[in-house]
Protein chains: 2
Amino acid sequence: MTLHDLAKELNLSIATISRALSRPEDVAPLTRQRVLAAVHRHGYTPNGTTRSLRTQQTRTIGVVVSDIRNAFFAAVVKAIEDEARANGYTVLICNADEDSAKEEAALQLLLDRKVSGVINCSTGANLDLLHTFQKSGAVLVDFDRESGLKNLDTVVVDNRRGAELATEHLVDLGHRDIATVAGPQHLSNARGRLIGFQDTLRKHNIQVKKSFVQYGNFRQESGYQAAQKLHSLRQPPTALFVANVEMAAGVIAFVRDKGVTIPQEISIVSFDDSFWARYMDPPLTVVAQPVETMGKCTMELLLARLRGGKPAQTKVFMPELIVRRSTCSPARSPR
Amino acid sequence: MTLHDLAKELNLSIATISRALSRPEDVAPLTRQRVLAAVHRHGYTPNGTTRSLRTQQTRTIGVVVSDIRNAFFAAVVKAIEDEARANGYTVLICNADEDSAKEEAALQLLLDRKVSGVINCSTGANLDLLHTFQKSGAVLVDFDRESGLKNLDTVVVDNRRGAELATEHLVDLGHRDIATVAGPQHLSNARGRLIGFQDTLRKHNIQVKKSFVQYGNFRQESGYQAAQKLHSLRQPPTALFVANVEMAAGVIAFVRDKGVTIPQEISIVSFDDSFWARYMDPPLTVVAQPVETMGKCTMELLLARLRGGKPAQTKVFMPELIVRRSTCSPARSPR
């Protein structure tokens, strides 16, 4: 494959291709993307005259995870990597640490390092900045959280449906005093989970008490604090839907510290499954996401995008309720 | 800060500094390291004539973790990142996935990306290759496992001592039929843990049965398989020391599948603590490493190395036995 062949295939001049690689800002984003895609597709190696070609052709994917300590993202990264490797790509990972400033720095770093594309689990990075990246021809895919960019490949779970499954389960058991530890509402997944919770209660004519909606930041400590607040209420809830696994860990730590028994005194259902959820005491009822499939799909979308073609897609996966032993009927009869 | 100032400070010619940055292979490794260290120290920005200076000065640290799904490494990365950020560095992470070929690819990728230094949790990468990296002036630090390179800053836990603590605990409880799920013996930490186990048994005049030493690869599945083999023995052990948290997870999955009760039928102590170890049923007795301190120390050593000076150090941290409820005296009396 020579520069000449590339030019022929793309119906572009050699000068344009050269420019797309060496001075991308001088070329229309779409053109640049087509050129990069072709370079990636052919595993094109430069012959020395266009050294910049090599710089561009990294066959490296960047992944910005929201929180590396969250087992959900570790499993996702593993799935992304397996798919990347099968396609000859290597993966660089950055940890946004649930902090939008760190997310922005991570994206900048990866794009400076000329990765082929970035899978981003947004923590709420500035939309203008993301837009600038996108306009410069960077290939981005949203995972788990929607950054707000238009025309972007996106892989998410049906967060609303997951929260409905969890809340329906608690209502079915006879609970009426149901609280939630919600995630930060600038994130699309956290919003979806709160809406699903509220809608389900309303559907069953159960009032959504303001004090029963506590907000965390998707980290353990915030789950602990939210549980503390709910516990201190004059009339604490009998059941709790926690919007992610890290906050659930915090809730469980608090409940254990206080000697509150699960599920007799408080039923708990959490979004996200994990190894320990299955083996903890008692085993945790959860809404599970099809993590491996979602990770693989994300990488597939990114690779398809690098190959050019097709308008951006949003893939929504269905969550599943796994009933274990952290939920039961309330001790006091429903009012 | 100009190139001239740099040259004066380092007592080197401008030509040498230029060469150290643009053609590192032509400069003695130590000289190159001194130059890079100075560039990093001063946050030197080039004036255009020595463009390569900018390329080199990335203020980015690479971390190659052995297994991203292992909670131990997630916690370590978090500690490394916090320390890196406090010093103005960003962190790029690669997952070696307990596979030496992937580790080698990750190291190559990070060094190609001109990171300032790499913290490596070796999975057994080829020593010649590592040596080549080192000779080219790459700043490497070993974490958790010793790669075998000489003159390298290294942060490890006292693996032998940790295994002794775990095994002594089981002997103290009255166990004599004590088995281990050991890690892969080409890794220094796995070797240390096995030696500590064997030495403690010998010290107490307990025979180290060959069938009681099963080997895994530090992954869950291998822990499951090892437990299966031990369970199928005519005389299974009454107690088990598992050499890492991932394999312990596999052991627990097997034991639960079989309905074997912990600790009545089998006492289990694992290397590494984790959130779920504390809340599982029953809470797991573990040998804990001071993860945060170790991660911080690793980054400090790397930064000190970038600043030049001092010969390489090896820091050995002391592990701690945390007795929970997965260990008790054996049901049958010791022979």
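Visitor: Which residues of α8(A) are buried?

Guide: In this predicted model, the buried residues of α8(A) are Asn159(A), Gly162(A), Ala163(A), Leu165(A), Ala166(A), Thr167(A), Glu168(A), His169(A), Leu170(A) and Val171(A), where buried means under 20% relative accessible area, exposed over 50% and partly exposed in between, with a 1.4 Å probe and protein chains only. That is ten of the 14 residues, and α8(A) is therefore mostly covered.

Visitor: What makes the length of α8(A) agree with that of a helix?

Guide: The expected span is 1.5 Å times one less than the number of residues, and helices here are DSSP runs of H or I with at least four residues, strands being runs of E with at least two, numbered from the N terminus. For the 14 residues of α8(A), residues 159-172, the span should be 20 Å, and the end C-alpha atoms are 20 Å apart, so the two agree.

Visitor: Why is α5(B) called largely enclosed?

Guide: Twelve of its 16 residues are buried, so α5(B) is largely enclosed by the rest of the structure. Its buried residues, including Phe72(B), Val76(B) and Lys78(B), pack against β2 of chain A as well as β1, β2, β3, β4 and α13 of chain B.

Visitor: What caps the N-terminal end of α5(B)?

Guide: Asn70(B) does, with a side-chain oxygen 2.9 Å from the backbone nitrogen of Phe72(B). After α5(B) comes Gly88(B), whose phi is positive, near 80°.

Visitor: Why is the pair Lys78(A) and Asp97(B) called a salt bridge?

Guide: The term requires a side-chain nitrogen of Lys or Arg within 4 Å of a carboxyl oxygen of Asp or Glu; the closest N and O atoms of Lys78(A) and Asp97(B) are 2.8 Å apart, so the pair qualifies. Between chain B and chain A the count is two salt bridges.

Visitor: How many residues does each chain bring to the contact, and what area is buried?

Guide: With contact taken as heavy atoms within 4.5 Å, chain B brings 33 residues and chain A 34. About 3100 Å² is buried between them, 63% of it on carbon and sulfur atoms, this being the accessible area (1.4 Å probe) that two parts lose on being put together, summed over both. Arg113(B), Phe275(B) and Tyr279(B) supply 22% of the area that chain B buries against chain A, more than any other three residues.

Visitor: What rules lie behind these values?

Guide: Residues are numbered from 1 along each chain as its sequence is written, while chains are lettered from A and ligands numbered from 1 in the order written. Local features need pLDDT of at least 70 and side-chain atom pairs count only at pLDDT 80 or more, whereas totals for chains, interfaces and linings use all residues, and side-chain values use heavy atoms, with hydrogens and water left out.

How values were computed
A polar contact is a pair of N or O atoms within 3.5 Å; within protein, one must be able to donate a hydrogen and the other to accept it, and residues adjacent in sequence count only if both atoms are side-chain atoms.
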